[in-house]
Amino acid sequence: MEVVITADSTCDLPGYIIKENGINIFPLSILLGVNSYLDGIEIHAPDIYEYVKKTGELPKTSAVTPTQYEKVFSEITSRGAAVVHIGLSSAISSSFQNASAVAANYENVYCVDSKSLCTAMGLLVLKACDLRNSGFDAIQIAARIKSLVSKVHTTFVLDTLEYLHKGGRCSGIARFGANVLSLKPSISVSTETGKLDVAKKYRGKIESVYRHYISDCMDGAKNADKSRLVVANSGNVNGEIIEYARNAALKNGFKEVITATAGCTISSHCGPGTLAIFYMDE
């Protein structure tokens, strides 16, 4: 039976990878005032930053609707194929609950909560594609991906707390303290709860912080699955830093290093200048 891998747009994989692997993407919606746009299709991260600059307000994000999932799951299963869907962390969005509710109406649709975001989630999507290409069926793929969720390392370092503050995820006092002390927090995503937490606080100019963060990630990757690593950013990160991270990963034995740009959903919460390194443990 043919297996189709689907994922929410928050997997933030580059377009060429999505095309090469035949991944079906469900776009979340981005709300700018009264107008709604599809993430990665009708709107992109620079549009978000321009909107915030002009209005001082953050856009809102909206989950993938049951109707969107229903349309695609129905089309795929009606031709005799099975679906393995990998969704944005259920602790962050109701998209996964919507997908699961629709999937319950089909025998061959299996949903996996990534408990993650951005291309950390994308690593699970690509692993599902690897398994499909190796001949595994949908049940086996879903079970294997669920077992790998806890092995994904999801961290990122922020240049600004402004977006988290505007979104209610960072108190004014914490933001003021960070600005005064030149602190740049590294955020981690719990593989148990899918929630965000501060992993470490760096101090200094952002270029130096990026390099320190990259070094820490490489030190923490001693037991990593060296087949693949992702360097992602939300825009405004110097290309030299991206190349520095890429070279550090290759030097540490990673065979494939993917560079990716965060989509609107992630950028709406983190703001520009966010750098992330994602990998999986063996």
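This is a predicted model: local features need pLDDT of at least 70, side-chain atom pairs count only at pLDDT 80 or more; totals for chains, interfaces and linings use all residues.
Q: With which residue does Glu2 form a salt bridge?
A: A salt bridge requires a side-chain nitrogen of Lys or Arg within 4 Å of a carboxyl oxygen of Asp or Glu. Glu2 meets this condition with Arg79, their closest N and O atoms being 3.3 Å apart. The two are 77 residues apart and join distant parts of the chain: Glu2 lies in the segment before β1 (3-8), and Arg79 in the loop between α3 (66-78) and β6 (82-87). These elements are DSSP runs numbered from the N terminus, helices being H or I of at least four residues and strands E of at least two.

Q: Which residues make up the network of salt bridges around Arg79?
A: The network links Glu2, Glu75 and Arg79. Its other contact joins Arg79 to Glu75, with 3.0 Å between the closest N and O atoms. Arg79 is partly exposed at 44%, and Glu75 is partly exposed at 41%.

Q: How many salt bridges does the structure hold, and how far apart are N and O in the one between Glu243 and Arg246?
A: The structure holds nine. In the pair Glu243 and Arg246, the N to O distance is 3.9 Å. These residues are three apart in helix α10 (residues 239-251), so about one helical turn separates them.

Q: How many residues of β1 are buried?
A: In a regular strand the side chains alternate between the two faces of the sheet. Six of the six residues of β1 are buried. Val3, Ile5 and Ala7 point one way, whereas Val4, Thr6 and Asp8 point the other way.

Q: How many disulfides does a search of the whole structure find?
A: A disulfide is a pair of cysteine sulfur atoms within 2.5 Å. The search finds zero. The sulfur of Cys111 is 15 Å from the closest cysteine sulfur, that of Cys11, and this is too far for a bond. For Cys264 the closest is in Cys118 at 12 Å, again too far. Cys264 is buried, with a relative accessible area of 0%.

Q: What volume does the second largest pocket have?
A: On a 1 Å grid over the protein atoms alone, a pocket is an open set of points where a 1.4 Å probe fits, with protein on both sides within 12 Å along at least five of seven lines; lining residues have an atom within 4 Å of a point. The second largest pocket has a volume of about 380 Å³. Of its 24 lining residues, the closest to the centre are Asp12, Gly40, His44, Thr261 and Gly263.

Terms used. Residues are numbered from 1 along each chain as its sequence is written. Side-chain values use heavy atoms; hydrogens and water are left out. Grid points are joined across faces, edges and corners, and a volume is the space filled by probe spheres set on the points. Buried means under 20% relative accessible area, exposed over 50%, partly exposed in between (1.4 Å probe, protein chains only).
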